[in-house]
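Here's a quick briefing to read alongside the coordinates.

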Amino acid sequence: MSQTFNFELRTPTSKVFSGEVSEVILPAHDGEVGVLANHEDFIGVVGTGVLKFVSGGDDFWYTLSDGAFHIEDGALSIIAEYASSSEELVVEDLELKRSELTKKADLSPLEKKELRKVEAQLKTAKRTAELN
């Protein structure tokens with residue numbers, strides 16, 4: 001039996017997940033961060049990308065965008081501006097949205113942020129589809 005630790009994922013408006021997990025891989029602003037039980041205390045910046053965690057032997061996939069995380073006394077907390085489960089994502093809709101955004105010649109900073117989020121959502125949705 002693998003060791004577990006407490007993990008909480010929040011957005012400004014909701015608690016997305018709270019429970020025991022055995023592994024978390026999260027998107028940091030400069031790559032990915034892996035967290036296992038008994039990780040040292042740490043604070044970091046969440047980037048836009050794919051979050052994977054294992055709870056009860058099952059893999060869960062989310063897309064995150066912008067936020068912060070901290071590990072304290074073995075517990076991991078993430079607050080993200082945006083979090084969506086892979087179950088909420090429809091590949092065809094995301095591809096259409098990405099196509100619309102990439103057709104524009106000059107994207108605003110908000111549109112660039114939206115494009116990064118859509119690309120991360122696509123990655124999450126496709127990864128989940130491959131596993132099912």
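Predicted model: local features only at pLDDT ≥ 70, side-chain atom pairs only at ≥ 80, totals over all residues.

Is K97 buried, exposed or partly exposed? At 36% relative accessibility, K97 counts as partly exposed, where buried means under 20% relative accessible area, exposed over 50% and partly exposed in between (1.4 Å probe, protein chains only). Residues are numbered from 1 along each chain as its sequence is written, and side-chain values use heavy atoms, with hydrogens and water left out.

**Salt bridges**

- The cut-off here is a side-chain nitrogen of Lys or Arg within 4 Å of a carboxyl oxygen of Asp or Glu, and by that rule the count is nine salt bridges.
- K97 pairs with E114 in one of these, with an N to O distance of 2.8 Å.
- K97 belongs to helix 1 (residues 91-103) and E114 to helix 2 (residues 109-131), so this pair ties together parts that are 17 residues apart in sequence.
- Helices and strands are DSSP runs numbered from the N terminus (helices are H or I with at least four residues, strands are E with at least two).
- K104 and E111 also meet through their side chains, at 2.4 Å from N to O, and K104 is partly exposed with a relative accessible area of 42%.
- E8 and K15 form another salt bridge, 3.8 Å from N to O, and K15 is partly exposed at 46% relative accessibility.

**Aromatics**

- Rings of Phe, Tyr and Trp (its six-membered ring) pair if their centres lie within 6.5 Å; planes under 30 degrees apart are called stacked, over 60 edge-to-face, and the rest tilted.
- That rule gives six aromatic pairs.
- Take F17 and F53: their ring centres are 4.5 Å apart and the planes sit at 45°, so this pair is tilted.
- F17 is in strand 2 (residues 15-21) and F53 is in strand 6 (residues 49-55), so the pair ties together parts that are 36 residues apart in sequence.
- Both ends of that pair are tucked away: F17 counts as buried at 17% relative accessibility, and F53 counts as buried at 0%.
- F17 and F53 also belong to one aromatic cluster with F7, F60 and Y62.
- Over at Y82, the charged end of K117 sits over the ring, 4.1 Å from its centre; the test for this is NZ of Lys or CZ of Arg within 6 Å of the ring centre and within 35 degrees of the ring normal.

**Strand 8 and its partners**

- Two strands pair if DSSP finds at least two bridges between them.
- Strand 1 (residues 5-10) runs parallel to strand 8, with four bridges joining them.
- On the other pairing, strand 7 (residues 58-72) goes antiparallel to strand 8 over 10 bridges.
- L76 in strand 8 is worth a click: F7 has L76 as its bridge partner, and I71 stands opposite L76 too.
- Strands 7 and 8 make a hairpin with two residues between them, and D73 in the turn has a positive phi of about 55°.
- S85 is in strand 8 (residues 75-85) and is buried, with a relative accessible area of 10%.
- Leaving out residues up to four places away in sequence, S85 touches W61 and Y62, where contact means heavy atoms within 4.5 Å.
- E81, also in strand 8, is partly exposed at 46% relative accessibility.
- The contacts of E81, with residues up to four places away again not counted, are T11, P12, S65, D66 and K113.
- The C-alpha atoms of E81 and G67 are separated by 5.8 Å, although these residues are 14 apart along the chain.

- Most residues other than glycine have a negative phi.
- N38 has a positive phi, near 70°, and lies in the loop between strand 4 (31-35) and strand 5 (42-46).
- N38 is exposed, with a relative accessible area of 59%.
- D66 has a positive phi as well, near 55°, but lies in strand 7 and counts as partly exposed at 24% relative accessibility.
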